[in-house]
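Please walk through the model below, starting with the chain as a whole and ending with its charged side chains.

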Amino acid sequence: MASTLSQLRGLRAKLLRRYDHRPLVSCLSGLYGCRWRRHQRRCTRPGDCCCNKLEGVSVALLVVTFCLTLVFLYFWGQAKNDYNDFDWFNFGNLGFWFPWSVVLLVIAAVFFTYVTVLMLLAVCLLSEGQKLYLHWSHKIGILVSLTFSIVATAVLSDLWSKEWTTLLLSFQVTAPYLHVGGVLLMTALAWPIALHFFRMSSRVRRGLVLGVYLSILWALYLVPLGLYSPCIKEDGTLGPAPALIGHRGAPMLAPENTVMSFEKAVEAGSEGLETDVTISVDGVPFLMHDHTLRRTTNIRQVFPNRTDTPAAMFTWAELEGLNAGAWFLSHNPFGTAGSLGADDRLQAAEQTVCSLQAFLQLAARTDKRVIFDLYRPPRGHPYRDTWIQRTLDVVQNESSIHSSQVLWLPSDLRALVQDIDPELQQTSGSRLPLEELQSNHIVTLNLHYSSMSTELTSEYAAANITTNLYVISQPWLFSLAWCAGVQSVTTNAPQLLSSMSSPLFLMSPDEYNLMWILSDLVSLVLIFIIFIFHWWRERRLAFCSSSEISLDNGSYSKFRTDLHLPVSSSGFPISCLPVHSLSRQTQLPVLLCSSTRSAQEQSPSVLPVCHHLNSGNQVLQ
């Protein structure tokens, strides 16, 4: 029993000590404020604030910058599905190819990492009871990071505003895990917040700090009540995976809209093929997404004076003479060209412009569905008013594909097309009222993935109208479409999505509730323990400064003790110096605080009671 009490007293004494992790604090202060020497640092005392007003503004700016850089990094990271569109958008405006999307991601990651390191340093310094001082160079760095995040977000919001819809969609699959991460972060922050909360003397500051902290904490605890994710499903309710339609073939494995690209898409497991069709000046429908030939052919070398001429204003003989594959190897738009074997690289370099007839024949031979956008020729083109009929003529008379394999997307002259070939699968690119879709004999909706909705998909499916979403190339987005019940997706990465056996982030409601409630409860208990510990510790430290110590041959009152002094491994305050003086009743060595000798010089027989520097009284009663 006595040994147990002794161990408890020893544990209590250890908990009441303030250890000086001098090497760690020196490193933290040096990195955060360029204060490497001890005399440059300041500890917080009971009643003190962790920083002055100017540094408080710096800390607030650091927190705001951290939040904004985190938001932008998450926003742009989730926009990876559309990096290729972003890069080609810049190509169209700047006239040269450069992977701007990846560069922007790297810059955002660098700024976020820099600000996060500063945040961690600040939290560690607060946990060590140090006053904060941010070096001027870091203040400039924070302003640069903040400016970058604001400007980049504003520019992308103006030019690429639809990506915010992608951000909202991403929350449907990542929100449960972001919630757990936020709870863990707030739990870790409980230690420095509790430490400084109980040291503050101002009630206003204490109320403000505690109010803000608890508001954020409870908001995080209750956020799951408003979360919705189609990937939280009961077991057995998940439908089949969406069918894959190769977007211009398999553009990660071969030059887009070429025979090789469509063959790669078929090999990767695509059940359909998507392309873009325009008509040459001599009436041959061919595959080309852009209105000019600059991006995907060697037009600059063959026809340097016609680089900006619309693709439809070339003859088929001129188009056949262009190379449509070398750009893929030189630009490497998806960063995947390097993974091709020697034979594939040679085949890609020799690709030419593909005709609609060749495309339809490949689809007929492999029994694949096709869907294509049809561009109306420009003014002055001989087929400007008959482009629909010319295309239908190729589908019906110049290829062996069955009309039921064709998802007819063009909305022009739809009634005429329906009368000419009723077996064509009428497809709408707009989300129209159900009655209008049925009156136009629409059997498929071809929508941008930002229109994804579980309710609408189910409503259309009940009316025998399937939904195809474009362009989905990231596994998380494909998982979301799968859970939402979408029937098919157009993708740049059929080779990647076809290998998925189940959606990512799929969980049952019971599993989700367990994760939510358990993480909140564990966090609440830990935060409660941390606050109780700091309350008890600060209270005992204040109480011990006026406690009485009893000895075998009498008693004496310990004058106010500076318990904030660092303690050595032997239990002695590091800066205490023994001064042997005799009292009237006992001969007891007394420790006088000094910074001239270390605790290692203490005699084992010296009583570790340190006189307060300001008391001026060295006589023991």
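The paragraphs that follow cover the overall architecture, the confidence, the aromatic side chains and the salt bridges.

This is a predicted model, in which local features need pLDDT of at least 70 and side-chain atom pairs count only at pLDDT 80 or more, while totals for chains, interfaces and linings use all residues. Residues are numbered from 1 along each chain as its sequence is written, and side-chain values use heavy atoms, with hydrogens and water left out.

The chain has 621 residues, 47% of them buried (under 20% relative accessible area; exposed is over 50% and partly exposed is in between, with a 1.4 Å probe and protein chains only). Its secondary structure consists of 21 helices and 14 strands, taken as DSSP runs numbered from the N terminus (helices H or I, at least four residues; strands E, at least two). Of the contacts between residues at least 6 apart in sequence, 66% join residues at least 24 apart; a contact means heavy atoms within 4.5 Å. The accessible surface is about 30,500 Å², and carbon and sulfur atoms account for 60% of that area (Shrake-Rupley method, 1.4 Å probe; for residues, only the protein chains shown count as cover).

Confidence is given as pLDDT, the predictor's value for each residue from 0 to 100. The chain has a mean pLDDT of 84, with 81% of its residues at 70 or more. Residues 548–621 have pLDDT below 50, and this stretch has 125 contacts in the model beyond near neighbours in sequence. Where pLDDT is low, the predicted coordinates should not be read in detail.

Turning to the aromatic side chains, the whole structure contains 31 aromatic pairs (rings of Phe, Tyr and Trp, the last by its six-membered ring, with centres within 6.5 Å; planes under 30 degrees apart are stacked, over 60 edge-to-face and the rest tilted). One of these pairs is F89 with W160, edge-to-face at 5.3 Å centre to centre and with 65 degrees between the planes. The two residues are 71 apart and link distant parts of the chain: F89 belongs to helix α4 (residues 83–94), and W160 to the loop between α6 (136–159) and α7 (163–197).

W327 and F328 form another edge-to-face pair, with 6.1 Å between centres and 85 degrees between planes, and both residues are buried. The charged end of R295 sits over the ring of W327, 5.9 Å from its centre (a charge sits over a ring if NZ of Lys or CZ of Arg is within 6 Å of the ring centre and within 35 degrees of the ring normal).

R295 bridges E256 at 2.7 Å, N to O. This pair joins the loop between β1 and α9, which holds E256, to the loop between β3 (285–287) and α10 (299–302), which holds R295, 39 residues apart. R295 also bridges D290, at 2.6 Å. R295 is buried at 5% relative accessible area, E256 at 8% and D290 at 18%.

D276 and R248 form a further salt bridge, with their closest N and O atoms 3.7 Å apart. D276 is in strand β2 (residues 272–279), R248 in the loop between β1 (243–247) and α9 (259–267), and both are buried. R248, E256, D276, D290 and R295 are linked in a network of salt bridges.

Conventions. A salt bridge is a side-chain nitrogen of Lys or Arg within 4 Å of a carboxyl oxygen of Asp or Glu.
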